[in-house]
Amino acid sequence: MPQDHDDHVSRRHALECMIWTGSALLWTVSGGVPKSLSLLGRAEAATATAQTKPTIPIIVKDTTSFYWQTVLAGARKAGQVLGVNVPELGAQSESDINGQISILANAVSSNPAAVVIAPTQFAALAKPIEEAAKKIKIIGIDSAADTKAFTSVLTTDNVQAGRIAADILAERIQKTYADAEGDVALITSLPGVASLDQRAKGFKEQLAAKYGALSIVAEKVADGQASTGRDIM
């Protein structure tokens with residue numbers, strides 16, 4: 001599957017670029033490490049640097065997911081290069097909304113320079129993020145939340161991603177059956193997640209606009225578990 005491999009590599013590269021960009025932004029926001037250490041001895045300088053090294057926790061949706069493990073790897077590497085402590089936090093499942101809310105509250109209580117978070121839910125995370133943003137800077141990645149409290153948000157154009165998915169599906173159907181027509185099903189992994197809702201929106205809009213002979217006969221939502229998605233399929 002050369003194409004699948006290329007898509008996987010491109011996606012992983014995009015994730016690493018996203019988290020590197022976010023970490024660099026936070027480094028600027030937090031002010032970096034003081035540079036007035038030239039008159040100190042090496043040992044004293046190392047101690048001073050360690051004491052002033054900013055901490056920026058990154059909270060992902062699911063620490064067991066390969067997708068999010070890639071994001072964490074990018075954050076880890078950026079933290080090493082930029083001299084930032086990057087605690088890696090997250091729930092065991094994207095459906096664990098309360099778990100992510102608690103993790104965010106605990107991260108803020110440690111008084112970090114900022115927090116990076118990928119919200120699990122558009123509505124449910126809005127209030128906790130607003131409360132956290134009263135104390136520290138909050139950077140959103142991957143998905144939005146129903147709030148304007150973010151210092152910055154770094155995301156994919158998910159509506160466009162949905163349109164591209166529709167184009168690819170239509171192309172594969174036409175290649176297999178000689179015409180882009182028939183019944184299709186749409187399965188979303190979780191309800192109420194902004195990025196997923198936007199992808200579904202783009203997908204359905206593109207089908208309606210370009211592929212009138214393709215009909216969505218089933219639209220299902222899973223619970224964030226791969227096994228459930230397979231069962232629904």
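**Exercise 1. Work out whether W68 is buried or exposed, then find its aromatic partner.**

Step 1: W68 has a relative accessible area of 2%, so it is buried (under 20% relative accessible area; exposed is over 50%, partly exposed in between, with a 1.4 Å probe and protein chains only). Keep in mind that this is a predicted model, where local features need pLDDT of at least 70, side-chain atom pairs count only at pLDDT 80 or more, and totals for chains, interfaces and linings use all residues. Residues are numbered from 1 along each chain as its sequence is written, and side-chain values use heavy atoms, with hydrogens and water left out.

Step 2: Searching the whole structure turns up one aromatic pair (ring centres of Phe, Tyr or Trp, using its six-membered ring, within 6.5 Å; planes under 30 degrees apart are stacked, over 60 edge-to-face, the rest tilted). The rings of Y67 and W68 have centres 4.8 Å apart and planes at 80°, so we call the pair edge-to-face.

Step 3: Y67 is buried too, at 16% relative accessible area.

**Exercise 2. Check the span of helix α4 and find which residues are buried in it.**

Step 1: Helix α4 covers residues 97-109 (helices are DSSP runs of H or I, at least four residues, and strands are runs of E, at least two, numbered from the N terminus). Its 13 residues should span 18 Å at 1.5 Å a residue (1.5 Å times one less than the number of residues). The end C-alpha atoms are 19 Å apart, which agrees.

Step 2: The buried residues are G99, Q100, I103, L104, A107 and V108. Down the axis of α4 they fall within an arc of 165°, so they line one face (the arc uses directions from the helix axis to the C-beta atoms).

Step 3: Turned away from that buried side are the exposed residues N98, N106 and S109.

Step 4: At the N-terminal end, D96 caps α4, with a side-chain oxygen 2.9 Å from the backbone nitrogen of G99.

Conventions: A polar contact is a pair of N or O atoms within 3.5 Å; within protein, one must be able to donate a hydrogen and the other to accept it, and residues adjacent in sequence count only if both atoms are side-chain atoms.
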